[in-house]
Amino acid sequence: MVLGGIYGLYSFYNISTGSIQLPEGFIKPSGVFYYLNAIIIFPLWILTAFLLFFRKEVAKWFFIGLLVYSILNSIDTSIYTTLPEQYHTIVVIAEIISLIIFALVTRYTFKLKEKEYYIIASSKGYNKN
């Protein structure tokens, strides 16, 4: 998640500044989802990974929110983005595989509760009983 967020920010910067050339037939991305990714979603990926690393239970809700967003983003990309014919199949397959992996990871973050992975406030002496 951290690497994905950093890579997303790096790619956004390079595409926006024209530092990299897109393959033949690709159109420079734009639109609401594209800018939401750069401003909110990529930093949120990084934050979510750190929340999980620090064993905060709220991380699982961030994971589910990012999964829902990723599904909506994939649908938006499939409907409104014109891809060159030679790249269309590979992009669709890559999106499906990444969503499946993301869904499995999200499911696992919920399973971590059963394994008592998350730090509970009462275990740190904050219980007022």
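Modeller: Before we start, helices here are DSSP runs of H or I with at least four residues, numbered from the N terminus. The model we are reading is a predicted one.

Biologist: With that numbering in mind, which helix gives the largest share of the lining of the largest pocket?

Modeller: A residue belongs to a lining if it has an atom within 4 Å of a point of the pocket. In this structure the largest share, nine residues, comes from helix 4, which spans 85-114. Helix 1 (2-17), helix 2 and helix 3 also each supply at least two residues of that lining.

Biologist: What volume does the largest pocket have, and which residues lie nearest its centre?

Modeller: Its volume is about 1600 Å³, and of the 44 residues that line the pocket, Asn37, Phe42, Asn73, Thr77 and Glu95 lie nearest the centre. By class, the lining divides into 27 nonpolar, 14 polar and three charged residues.

Biologist: How are helix 2 and helix 3 oriented to each other, parallel or antiparallel?

Modeller: Angles over 145 degrees count as roughly antiparallel. The axes of helix 2 (residues 32-53) and helix 3 (residues 58-80) cross at roughly 150 degrees and come within 10 Å, and the two helices are therefore roughly antiparallel. Their crossing is left-handed.

Biologist: Which residues make the contact between these two helices?

Modeller: Among them are Phe33, Leu36, Asn37, Ile41 and Trp45 of helix 2, together with Phe62, Phe63, Leu66, Tyr69, Asn73 and Asp76 of helix 3. Taken by class, the contact has 15 nonpolar, four polar and one charged residues. Asn37 and Asn73, which take part in this contact, are also among the residues nearest the centre of the largest pocket.

Conventions. Residues numbered from 1 in each chain as written. Predicted model: local features only at pLDDT ≥ 70, side-chain atom pairs only at ≥ 80, totals over all residues. Heavy atoms only, no water. Axes fitted to C-alpha atoms, helices over the stretch in contact; angles between N-to-C directions. Parallel < 35°, antiparallel > 145°, perpendicular 65-115°, else oblique. Left-handed = near helix turned anticlockwise from the far one by under 90°. Contact = heavy atoms within 4.5 Å. Nonpolar A, V, L, I, M, F, W, Y, C, P; charged D, E, K, R; others polar. 1 Å grid on protein atoms, 1.4 Å probe; cavity = no way out; pocket = protein on both sides within 12 Å on 5 of 7 lines; lining within 4 Å. Points joined across faces, edges and corners; volume = space filled by probe spheres on them.
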